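I opened my notebook beside the structure viewer today. Here is what I looked up, entry by entry.

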Amino acid sequence: MRGEDDDSNSDLGADFFGTYSVILPPEPFVLGISHISQRPVPKHIPRPSYVTRSTDERQPTLGEASDGDGDGRIRLGSSGERRLRQAARLARDVLEYAGTLVKVGSTTDALDAAIHEYIVTRSAYPSPLGYSGFPKACCTSVNNVIVHGIPDDRLLENGDIVNIDITVYLNGYHGDTSRTFLVGDVDDAGRDLVTATNDALEAGIAVCGPGQPLKFIGKAIHDLADQRGYSVSSQFTGHGIGELFHRSPWILHHRNEEPGVMLPGHCFTIEPCLIQGSNPRGWIFPDGWTASTENCARSAQKEHMVLITDHGAEVITRD
């Protein structure tokens with residue numbers, strides 16, 4: 001199926017978005033996710049507090065903070081920084097492993113099962129599992145799905161692109177990273193989108209450092225997207241991370257005038273979603289999670305964790 005930019009204000013006119021299968025909610029529609037079963041996690045593995053609050057209070061927890069008070073900075077050189085880096089490295093390793101599983105004919109649920117097992121055998125917890133009820137260990141977003149796709153039984157097809165979003169909870173800290181993978185022989189339009197998304201992330205990272213305004217990240221990403229002819233989703237942001245999965249500072253990927261500067265000890269994700277065409281708007285499937293582009297254009301995303309140091313910025317989920 002070919003996607004086309006149907007925005008009457010589009011600068012791309014009638015250019016096609018390429019050849020790919022559009023992902024739509026399965027019919028008959030089922031509201032919510034209560035029908036999706038969760039895979040078990042061994043009881044000895046500590047859970048984030050949002051899981052223990054919603055399930056079994058007797059499960060072990062490492063005391064994840066219950067709110068986002070303060071500026072979210074970690075003390076550089078501390079044991080907390082060491083554990084943060086360990087979580088980030090594990091997330092990186094899980095994502096690298098996940099990439100080896102992406103093949104034509106695989107299901108995203110099979111990917112999730114393997115990712116789940118990889119994480120728990122390393123005594124870590126898959127952070128998405130149970131977060132606001134999310135039923136899987138990772139998010140898998142295919143083609144026109146922007147973010148938060150729920151792994152399912154659909155077979156990956158030749159020409160798909162799939163973002164795999166990994167977060168792990170290890171020794172009281174979260175590590176978070178994602179990448180969009182090519183499935184088989186992807187058309188030039190899809191490959192170009194993924195390349196531009198990777199470049200946009202690098203543009204955002206390049207402006208990071210102590211004392212730099214947070215808004216510089218969004219400008220750098222948006223400028224590159226404009227140069228390549230893509231739009232940027234403003235509905236989903238990067239976020240501070242550490243003992244909490246999501247907290248301030250919030251990282252906007254589009255041009256903005258939000259206040260705030262990067263300070264030593266800040267750790268946050270940058271995770272832009274670039275979308276084909278000029279319409280970046282998304283809508284949510286009946287499951288309450290899966291976000292698709294309005295016009296079924298493809299979206300790609302890549303994510304890294306950035307730690308602001310005294311003299312610069314370090315990407316702690318990079319190889």
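**Entry: Arg191**

I am working from a predicted model. I began with Arg191 and found this residue in helix H4. Is Arg191 buried, partly exposed or exposed? Its relative accessibility is 34%, so I wrote it down as partly exposed. Next I listed its contacts, leaving out neighbours within four places in sequence: Arg191 touches Leu182, Gly184, Asp185 and Val186. I also checked Phe181, which sits 10 residues from Arg191 along the chain; their C-alpha atoms are 9.6 Å apart.

I then looked at Asp187, which pairs with Arg298 in a salt bridge whose closest N and O atoms are 3.0 Å apart. Asp187 belongs to the loop between S7 and helix H4 (188-206), and Arg298 to the loop between strand S14 (291-293) and strand S15 (299-301), so this pair ties together parts that are 111 residues apart in sequence. I noted both Arg298 and Asp187 as buried.

**Entry: other salt bridges**

How many salt bridges does the structure hold? I have 17 in my notes. One of the pairs I looked up is Glu314 with Arg85, at 2.8 Å from N to O. Glu314 is in strand S17 (residues 313-315) and Arg85 in helix H2, so to speak two distant parts of the chain, linked across 229 residues. Glu314 counts as partly exposed because its relative accessibility is 33%.I also looked up Lys136 and Asp109, whose salt bridge has its closest N and O atoms 2.7 Å apart. Lys136 is in the loop between S3 and S4, while Asp109 is in helix H3, so the bridge ties together parts 27 residues apart in sequence. Both Lys136 and Asp109 are buried.

**Entry: helix H3**

Asp109 brought me to the helix that holds it. H3 has 13 residues and spans 18 Å from its first C-alpha to its last, close to the 18 Å expected at 1.5 Å a residue. Which residues of H3 are buried? My list reads Thr108, Asp109, Leu111, Asp112, Ile115, His116, Tyr118, Ile119 and Val120. These buried residues pack against H2, strand S3 (125-126), strand S4 (139-142) and S6.

Setting aside residues up to four places away in sequence, Ile115 touches Val94, Ala98, Cys138, Ile164 and Ile166.

**Entry: the nonpolar cores**

The largest nonpolar core has 34 residues, and Ile115 is among those with the most contacts inside it, together with Leu84, Val94, Val102, Val162, Ile164 and Ile166. Which elements give two or more residues to this core? They are helix H2 (79-101), helix H3 (108-120), strand S6 (161-170), strand S7 (173-182) and strand S16 (304-308). H2 gives the most, with eight residues. I also found a second, separate core of 27 residues, which includes Leu201, Leu214, Ile251 and Val315.

**Entry: Asp165**

Asp165 is buried yet has no salt bridge. How far away is the nearest side chain of opposite charge? That is Arg179, 13 Å away. As for what does touch Asp165, I counted no residues up to four places away in sequence, and the contacts are Cys138, Cys139, Asp176, Thr177, Ser178, Glu271, Gln301 and Glu303.

**Entry: cysteines**

I looked for disulfides and the structure holds zero. Cys208 has a relative accessibility of 11%, so I put it down as buried. Cys273 is buried too, with a relative accessible area of 1%.

**Entry: backbone checks**

I went over the prolines for cis peptide bonds. One joins Glu27 and Pro28, with omega about 0°; Pro28 lies in the loop between strand S2 (16-19) and helix H1 (49-54). Another runs from Ser248 to Pro249, with omega near 5°, and Pro249 lies in strand S10 (residues 247-251).

Then I turned to positive phi in residues other than glycine. Asn143 has phi near 55° and is found in the loop between S4 and strand S5 (145-147). Is Asn143 buried or exposed? Its relative accessibility is 0%, so Asn143 counts as buried. His148 has a positive phi of about 65° and is placed in the loop between S5 and S6. At 28% relative accessibility, His148 counts as partly exposed.

Terms used
Residues numbered from 1 in each chain as written. Predicted model: local features only at pLDDT ≥ 70, side-chain atom pairs only at ≥ 80, totals over all residues. Heavy atoms only, no water. Disulfide = S-S within 2.5 Å. Buried < 20%, exposed > 50% of the residue type's maximum accessible area, 1.4 Å probe, protein only. Core = buried A, V, L, I, M, F, W, Y, C linked by side-chain atoms within 4.5 Å. Helix = DSSP H or I, 4+ residues; strand = E, 2+ residues; numbered from the N terminus. Contact = heavy atoms within 4.5 Å. Lys, Arg positive; Asp, Glu negative; His and termini not counted. Salt bridge = Lys/Arg side-chain N within 4 Å of Asp/Glu carboxyl O. Expected span 1.5 Å × (residues − 1).
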